[in-house]
Amino acid sequence: MLPPDVHTLPVVVALENACPGAILSGRVHRGELTLEIDPARILETCRYLCSERGFSRISSVTAVDWHPAEPRFEVVYHLHAIQQHERLRLKCRIPGAEPSLDSVTAVWRGADWYEREAFDLFGIQFLGHPNLRRILMPEEWEGHPLRKDYPVHGHKYSYKDE
Amino acid sequence: MEDRPVPAETTHTVLNMGPQHPSTHGVLRLLLELDGEIVRKAEPDIGFLHTGIEKQCEALTYQQAVTLTDRVDYLANLSNNLCYCLAVEKLLGLEIPPQARWMRVLLAELTRLNSHLVWLGTHALDIGAMTVFLYCFREREDILRIFEMFSGQRMMTSYIRVGGLALEPPRGWQKAVDRFIRAFPSKVDEYEDLLTRNPIWLKRTQGVAYASLEDMLALGVTGPLLRAHGLQWDIRKDEPYSSYEEFDFAIPTRAEGDVYARYLVRLEEMRQSARIVTQALEGMPSGPWRADAPKVVLPDREKMKTQMEALIYHFKIVTEGFRVPPGEVYQAVESPRGELAYYIVSDGTAKPYRVFMRTPSFGNLQALPSLVEGRLIADAVAAMGSLDFVLGDVDR
């Protein structure tokens, strides 16, 4: 259930009316609002926030790996409404086995590279992304470096082997 | 390239521009599909400078990670230091004394001047105006000397630390900054003399690489690029941090949205930054230059050698680092290139659980194809220069 300080915020009230049940939890911490959204409904929620609530910009899409906890991944979206000076963080928790959720590139084209980055570094599939390829690592790279079970040092490509 | 078939009947040429090309400002590879001199399709290929800084941050303590933030955007080191420290301080709930806040503003604005000078010099060089480059690097040298005076380093300064500054401001810094900033506005006039009404410069920049404001916003572009489209959005004004609300400065905008407008906006930003530096210099508050937080900030050397408690704190901070309460923050600042933000997740230990860097160059570079497709290849060079990306900032 939503805590009382979150429940009464205008954006939360509007979102509850437009997409009932999409918000799973919410929190205000250090003055920043975070809403956890049902992963199945992220696209619908984003579409509403962009078109009706003025969140015309997506600052970034990224992920956090909570290995070995389950659901393992948190996909984090930072939205920004320039005119209202309002920022909002959305989160979706998805399981560690074959992590996937809908792409929001249809709402904000700028999410394109950020989702590719999350795919590259965490191995999260964004369904409906027009061009989901690795972006920072080489195409033939194995593994996803920002996962917690990927070592910081001593991967198979080390100088010792050369 | 092998995975993208080009139909046999077309006469399109595929040109591989970079990763080692002077106008890509680093190691950017650009695949250009050309129809004669017209770019039909452009595809940036990035990642050549990917060094896994975000992963490395997870293996260091909060204070150690400051040194990595310098290396993200090597032309705006102090902006990155500042953004990271503000984020960690937000997590800690730490109050920073006025002198440190003002000094951070002063240094962040000198960083903006430094970055814009490199941009102007290289951008003009790309388009064929060599003299400006030499003029800009002359002034940049003065700024780097000031940074060296403060931190001992010209580029990888790490001068802003969690809790304040790394060292006490050096003796005589006012004189050095004053000498530079007095002369600087006339130097901007010199650049303007060389370029603003120069017919070749106008021909190469006016009406070039235009995209609509809606497109630019949708593609994640931030900073001076949007202000060149008439959008009055600057994080220093909209979400002030580190006492920017106490300074008087204007946000320059232009309506045209072409390479020339971006040039004019950045030039005016330099004048405004100089105003901020002057105000910071004249009104610099006195008092402590780091927060009174013994568990986070290293004690004075003198205290460390005379007081048992200070010695213990010193030992603990150096060996274990300080613990940060669990939570997450997103802190945005206006870097010379646009919205720079750090998203830090803490799990309550002395090392950050996740550090995500929302770097402005990454978002801005995403717009490059829409600026160059359907236009001349020579304009692609002007477009790239006007985006002012730094590849370290893109790849991290």
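Analyst: Strands here are DSSP runs of E, at least two residues long, and helices are runs of H or I, at least four residues long, all numbered from the N terminus. The model is predicted: local features need pLDDT of at least 70, side-chain atom pairs count only at pLDDT 80 or more, and totals for chains, interfaces and linings use all residues. Residues are numbered from 1 along each chain as its sequence is written, with chains lettered from A and ligands numbered from 1 in the order written.

User: How do you know that β2(B) pairs with β3(B)?

Analyst: Pairing takes at least two bridges found by DSSP. Seven bridges join β2(B) to β3 (residues 38–45) of chain B, so they pair, and they run antiparallel. One bridge links B:Arg29 to B:Asp45. In this hairpin, two residues lie between the strands, and B:Gly36 has a positive phi near 65°.

User: What joins β1(B) to β2(B)?

Analyst: Five bridges join β1 (residues 13–17) to β2 (residues 29–35), again antiparallel. B:Thr13 has B:Leu34 as its bridge partner.

User: Why is α5(B) called roughly antiparallel to α6(B)?

Analyst: The axes of α5 (residues 130–151) and α6 (residues 173–195) of chain B cross at roughly 165° and come within 11 Å. Angles over 145 degrees count as roughly antiparallel, so α5(B) is roughly antiparallel to α6(B).

User: Which residue classes make up the contact of α5(B) with α6(B)?

Analyst: The residues divide into 13 nonpolar, one polar and four charged. Contact requires C-beta atoms, placed from the backbone, within 7 Å. Among those meeting are B:Tyr135 and B:Ile146 in α5(B), and B:Phe180 and B:Leu194 in α6(B). Tyr, Ile, Phe and Leu count as nonpolar.

Key:
Axes fitted to C-alpha atoms, helices over the stretch in contact; angles between N-to-C directions. Parallel < 35°, antiparallel > 145°, perpendicular 65-115°, else oblique. Contact = placed C-beta atoms within 7 Å.
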